[in-house]
Amino acid sequence: MENLLLTNIGMLVTPTGCAAKSGAAQGEVQVLRDAWVLIEDGKIAEVGTGRPGQAGNARILDAGGRLVTPGLVDAHTHLIFGGWRQNELALKLRGVPYLDILAQGGGILSTVTATREATEEELAEKAGLALEEMLSFGTTTCEAKSGYGLRLEDELKQLRAIRDLNEKQPIDLVPTFMGGHALPKCFADDREAYIRMVCEEMIPAVAEEKLARFCDVFCETGVFTPEESRKILEAGKKHGLLPKIHADEIDPIGGSQLAGEIGAVSAEHLIVCPTEGIEAMAKGGTVACLLPATSLYLGATFAPARQMVNTGVPVAMATDFNPGSCPCLNMQLVMNLGCLRYRLTPEEVLTAVTLNGAAAIGMADSVGSVEPGKLGDLVIWDAQDLNYICYRMGSNLARTVIKRGRVFERNNIHEN
Ligand code: NIG
Ligand code: FE
């Protein structure tokens, strides 16, 4: 593998360390001016300022005095699915609520039909296009959930597509099993039987094939109750799958409290998270993974991010890319919304989309900051400073994306 010496960095901004940052520390980032980074064998070997030492056999890449940050970590996506759901836009505009569409057999359940109809190869090919676009926006690590199969063979098919994609394209993927994403139509009269199937058949099979690191569940009115969610997450834990939970997205039914109680690695959405939930997460060491583009898309309110930071809950932010509530791949938009709607500072936002995102998916020891020992994942921005990328909106400011030391120019068209 070619080594890389990135020189002439006007400003290198990065959080530091291998664990999530909370409270005031979320906004404390390291700023190095006139910096350089040496990447060897895909990993960061040295970071310095001023004149770099000997490049040895490394290729030299001049950052042109621009801003460099860690590669972005998209810690929450529903990457693998068949079809799209543009038909729901008209329903939304007529005011039909998200959960009503689902209750009528649409929403997630219509994507389940399309996903069951697709082959593993078709799913991987479609998701591969999404990943190319994500890389062009600066994402270098991405979590990917199943949850549109809702029966053993189709959940495995989704997770195998993720495994294959992990080999075939540059972004590192972290797989999550989400058989508890919705109740399939044919189990409408027997919820318990489906939950048993998730716990006793799907989870063991997923664990046996080592297809996922996490287990997630949609704890929501009309989907899974906190008690049912607990059962699924406990079964996952027993098989080595770490718990994550979609909590308080639409109704606060106790998901965030449950997250804290069972020590979930992360809780997702948290749009209507109550104070008790925030306190429980602080106590349980749970990362709040916030998805502001989903709030925007659903026309919902925005999660109480400032209260979370102030209470000592580490805040991460991600896209939630999926065909229903957030068909968006762009982490730069997420950063804009983090400032504009959560009122987080650009520094807090950077930590949310790098180190804290990494912690939300168990990757903080290898990505999320620009420090020796971590993967050579960086973005050279068409910007001079961090404020600029949080301030500009609607453009792609990622000029060059570096993944494990490989260089991708804008739009991922030219690797060179
Ligand atoms: O995180 N809330 C549940 N799951 C997704 C939406 C999935 C869909 O609508 O297809 C979410 O928003
Ligand atoms: Fe989600």
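## Ground rules

The model is predicted, with local features needing pLDDT of at least 70 and side-chain atom pairs counting only at pLDDT 80 or more, while totals for chains, interfaces and linings use all residues. Residues are numbered from 1 along each chain as its sequence is written, chains are lettered from A and ligands numbered from 1 in the order in which they are written, and side-chain values use heavy atoms, with hydrogens and water left out.

Helices (H or I, at least four residues) and strands (E, at least two) are DSSP runs, numbered from the N terminus.

## H5 and its two neighbours

Let's start with helix H5 (residues 152-168), which packs against helix H4 (residues 120-136) at an angle of about 50°, the axes being 9 Å apart. Axes here are lines fitted to C-alpha atoms, for helices over the stretch in contact, and angles run from 0 to 180 degrees between N-to-C directions. H4 and H5 are therefore oblique to each other (angles under 35 degrees count as roughly parallel, over 145 as roughly antiparallel, 65 to 115 as roughly perpendicular and the rest as oblique). Their crossing is right-handed, a label used when the near helix is turned clockwise from the far one by less than a right angle, with anticlockwise giving left-handed. On the H4 side, Glu120, Leu123, Ala124, Ala127, Gly128 and Leu131 meet Lys157, Gln158, Arg160, Ala161, Asp164 and Leu165 of H5 (contact means heavy atoms within 4.5 Å). By class, this contact of H4 with H5 has six nonpolar, two polar and four charged residues. For those classes, Ala, Val, Leu, Ile, Met, Phe, Trp, Tyr, Cys and Pro count as nonpolar, Asp, Glu, Lys and Arg as charged, and the others, Gly among them, as polar.

H5 also packs with H6, at about 30° and with the axes 10 Å apart. That makes H5 roughly parallel to H6. Leu152, Glu155, Leu156 and Leu159 of H5 touch Glu201, Met202, Ala205 and Val206 of H6. The contact of H5 with H6 splits into six nonpolar, no polar and two charged residues. This crossing, too, is right-handed.

## H12 against H13

Further along, helix H12 (residues 331-340) and helix H13 (residues 346-353) cross at roughly 140°, with their axes coming within 9 Å. That makes H12 oblique to H13. H12 brings Met331, Val334, Met335, Gly338 and Cys339 to the contact, and H13 brings Pro346, Val349, Leu350 and Val353. The crossing of H12 and H13 is right-handed.

## Salt bridges

The structure holds 18 salt bridges (a side-chain nitrogen of Lys or Arg within 4 Å of a carboxyl oxygen of Asp or Glu). One of them joins the side chains of Lys157 and Asp154, at 2.9 Å from N to O. The two sit three residues apart in helix H5, so about one helical turn separates them. Lys157 is buried at 10% relative accessible area, and Asp154 is buried at 5% (buried means under 20% relative accessible area, exposed over 50%, partly exposed in between, with a 1.4 Å probe and protein chains only). Both belong to a salt-bridge network that links Arg151, Glu153, Asp154 and Lys157.

Arg160 pairs with Glu209 in a salt bridge, their closest N and O atoms being 2.7 Å apart. Arg160 lies in helix H5 and Glu209 in the loop between helix H6 (191-208) and strand S9 (214-217), so the pair ties together parts that are 49 residues apart in sequence. Arg160 is partly exposed at 25%, and Glu209 is partly exposed at 29%. Arg230 and Glu261 form another salt bridge, at 2.6 Å from N to O. Arg230 is partly exposed at 33%, whereas Glu261 is exposed at 55%.

## Positive phi

Most residues other than glycine have a negative phi. Asn8 has a positive phi of about 55° without being a glycine. Asn8 sits in strand S1 (residues 4-14) and is partly exposed, at 35% relative accessibility.

Asp41 also has a positive phi, near 50°. Asp41 lies in the loop between strand S2 (30-40) and strand S3 (43-49) and counts as exposed, at 58%.
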